[in-house]
Amino acid sequence: NFRAPVPDKAGVMKAVRIILELLVVAMLVCFAWWMGRGELYRDLTAGEVCETISDAARLSEMVHFGKNEFKKDYSLNANEYAGVEYYGYEDLMNSETVLVVKLADESQGAELLSVIEARNEELAELFHSYSPENYDLLSHAVLKQEGGYLIYIVRDNAEEIYQVFHNNIKE
């Protein structure tokens, strides 16, 4: 009669412990990778981003400005960015704006945020005393950078437009 050798209990426990330790290490490595990957964004042009927010932002009601108007209003060269889409109104008494910039490099965001924020504050100060509606819009403007994109929204539904933007640029 053949009898299989019975492994000793200590050897089995040691093997089980080693396997569990390896599993824990593997799980920690996976968790660290997942946490370190950051937020993932789709690779859209500034124009494609505007297409995703067009209905919510009612872009068809606005004037699509070019690079010259962007330079005039923000003293920045649109060619330094991967893409600029700028919408507003020619009427100086209307502060409503939608600006989408695809940055050539994420490091450009800080300067651009600063320039746009300063302009927003300047316009709010101008409208404060004689146009409460515009002042209110400017006071509730949305200005954010997400990855390689920057969005500036001065509309009555700025938060809603931002949510549509946010949802459409995320992978």
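Tutor: Happy to! With a relative accessibility of 18%, Asp-73 counts as buried (under 20% relative accessible area; exposed is over 50%, partly exposed in between, with a 1.4 Å probe and protein chains only). A word on the basis: the model is predicted, so local features need pLDDT of at least 70 and side-chain atom pairs pLDDT 80 or more, while totals for chains, interfaces and linings use all residues. Numbering starts from 1 along each chain as its sequence is written, and side-chain values use heavy atoms, without hydrogens and water.

Asp-73 belongs to helix H3, which spans 67-74; helices (H or I, at least four residues) and strands (E, at least two) are DSSP runs numbered from the N terminus. Once neighbours within four places in sequence are set aside, Asp-73 has contacts with Tyr-86 and Arg-119, a contact being heavy atoms within 4.5 Å.

Now to the space around Asp-73. The largest pocket has a volume of about 370 Å³. Its lining takes in 21 residues, and Asp-73, Tyr-89, Leu-92, Asn-94 and Arg-119 are the closest to its centre. A pocket here is an open set of points on a 1 Å grid where a 1.4 Å probe fits, with protein on both sides within 12 Å along at least five of seven lines; lining residues have an atom within 4 Å of a point. Its volume is the space filled by probe spheres set on the points. Helix H3, strand E2 (83-88) and helix H4 (109-128) each give at least two residues to that lining. By type, the lining holds 10 nonpolar, 4 polar and 7 charged residues, where Asp, Glu, Lys and Arg count as charged, Ala, Val, Leu, Ile, Met, Phe, Trp, Tyr, Cys and Pro as nonpolar, and the others, Gly among them, as polar.

Ser-75 is exposed, at 60% relative accessibility, and has a positive phi near 55° though it is not a glycine. Most residues other than glycine have a negative phi. Arg-58 also has a positive phi, about 55°, without being a glycine. Arg-58 lies in the loop from helix H2 (46-57) to strand E1 (63-65) and is partly exposed, with a relative accessible area of 24%.

Met-62 is found in the loop between H2 and E1 too, and at 8% relative accessibility it counts as buried. Beyond residues up to four places away in sequence, Met-62 touches Ala-57, Tyr-87, Gly-88, Tyr-89, Glu-96, Thr-97, Val-98 and Arg-155. One of these, Tyr-89, is also among the residues closest to the pocket centre. Between Met-62 and Glu-90, 28 residues apart in sequence, the C-alpha distance is 8.9 Å.

Stepping back, the chain has 6 helices and 5 strands, in the order α-α-β-α-β-β-α-α-β-β-α from the N terminus. Its C-alpha atoms fill a box of roughly 100 × 30 × 30 Å along the principal axes. Buried residues make up 35% of the 171 in the chain. Of the contacts with a separation of 6 or more, 60% join residues 24 or more positions apart. For another view, take Ala-32 in helix H1 (residues 9-36): it is partly exposed at 49%, and its C-alpha atom is 46 Å from that of Tyr-135, 103 residues away along the chain.
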